[in-house]
Amino acid sequence: MKKKLGIAIGTVTAAAVIGMGVYHSDAAQANPTLSSEEISDLIQNQYPGTVTELEVDKKGNKAVYEVEIQSDGVEYELKLDGDTGEVLNEKQKETNVNKKNESESTAVQDKSVENLIGDQQAREIALKEFDGTIKEFELDEDDGRFVYEMEIRNGDKEAEFEIDALTGEILEMEIDTEDD
């Protein structure tokens with residue numbers, strides 16, 4: 001009986017030690033190599049504007065910085081690898097500063113598709129920003145505004161675009177890197 005109790009206690013102790021080791025190794029991997037200051041410096045060199053939010057988050061066993069930047073009516077939302085600084089995800093959208101211009105543009109915009117920039121030009125605009133293969137492409141009407149929506153792939157990266165079909169302005173651009 002004592003032998004069985006000793007084996008049971010030994011097994012529970014071993015499981016606890018292994019469990020704590022796994023927990024600590026995951027926690028250690030979630031600490032970024034780059035500091036917030038280093039990430040901020042990297043971003044300031046690539047994106048103009050003011051960093052309005054910078055926080056570190058754990059994605060799986062990886063540390064990821066989530067950053068928001070405001071610049072002249074554009075907001076960037078970025079996710080960066082905490083160890084390399086590589087941009088894993090980028091979203092770009094207009095902020096309220098341009099809402100007045102946006103509503104004026106929508107009011108002036110002719111509902112006929114004759115005045116639109118065309119599929120080919122929309123594709124060229126997106127491909128200048130992100131090289132790859134267009135997997136989805138669609139002309140859509142969104143709140144009285146015609147927009148080209150498209151998805152472009154390049155290896156393990158994917159970009160989604162919304163382009164104003166009248167002006168050719170990129171309204172939204174999101175770049176994701178797939179995790180294997």
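Select phenylalanine 137 and methionine 150: phenylalanine 137 stands opposite methionine 150 in strand 6. Strands here are DSSP runs of E with at least two residues, helices are runs of H or I with at least four, and both are numbered from the N terminus. The model is predicted: local features need pLDDT of at least 70, side-chain atom pairs count only at pLDDT 80 or more, and totals for chains, interfaces and linings use all residues. Residues are numbered from 1 along each chain as its sequence is written, and side-chain values use heavy atoms, leaving out hydrogens and water.

Show strand 5 and strand 6 together. They pair in the antiparallel sense over nine bridges; pairing requires at least two DSSP bridges between two strands. Move to their hairpin, which has two residues between the strands. There, aspartate 143 takes a positive phi near 55°.

Pick glutamate 151, whose bridge partner in strand 7 is glutamate 160. The hairpin of strand 6 and strand 7 has two residues between the strands, and glycine 155 in the turn has a positive phi of about 65°.

Why is strand 6 largely enclosed by the rest of the structure? Seven of its ten residues are buried. Buried means under 20% relative accessible area, exposed over 50%, and partly exposed in between, with a 1.4 Å probe and protein chains only.

**The largest nonpolar core**

Select Tyr148, Met150, Phe161 and Ile163. Of the 17 residues in the largest nonpolar core, these touch the most other members. Such a core is a set of buried Ala, Val, Leu, Ile, Met, Phe, Trp, Tyr and Cys residues joined through side-chain atoms within 4.5 Å. Helix 4 (119-129), strand 6, strand 7 and strand 8 each give two or more residues to this core. Strand 6 gives the most, with four.

Centre on tyrosine 148. Beyond its neighbours within four places in sequence, its contacts include Leu116, Ala122, Phe137, Phe161 and Ile163. Contact means heavy atoms within 4.5 Å.

**The second core**

Next, select Ile43, Val67, Ile69 and Leu78. They are among the eleven residues of a second, separate core. Leucine 78 lies in strand 3 (residues 74-81). With 2% relative accessibility, leucine 78 counts as buried. The C-alpha atoms of leucine 78 and valine 67 are separated by 5.1 Å, though the residues are eleven apart along the chain. Other residues that leucine 78 touches include Tyr47, Tyr65, Val87 and Asn89.

**The second largest pocket**

Return to strands 5 to 8. Strand 5 (133-142), strand 6 (145-154), strand 7 (157-164) and strand 8 (170-177) each supply at least two residues of the second largest pocket's lining. Select Phe137, Met150, Glu151, Glu160 and Phe161, which are among the lining residues. The lining divides into three nonpolar, no polar and eight charged residues.

**Zoom out**

Show the whole chain. How many helices and strands does the secondary structure come to? There are four helices and eight strands. Along the sequence they follow the pattern α-α-β-β-β-β-α-α-β-β-β-β. Of the 180 residues, 31% count as buried.

Definitions and conventions:
1 Å grid on protein atoms, 1.4 Å probe; cavity = no way out; pocket = protein on both sides within 12 Å on 5 of 7 lines; lining within 4 Å. Nonpolar A, V, L, I, M, F, W, Y, C, P; charged D, E, K, R; others polar.
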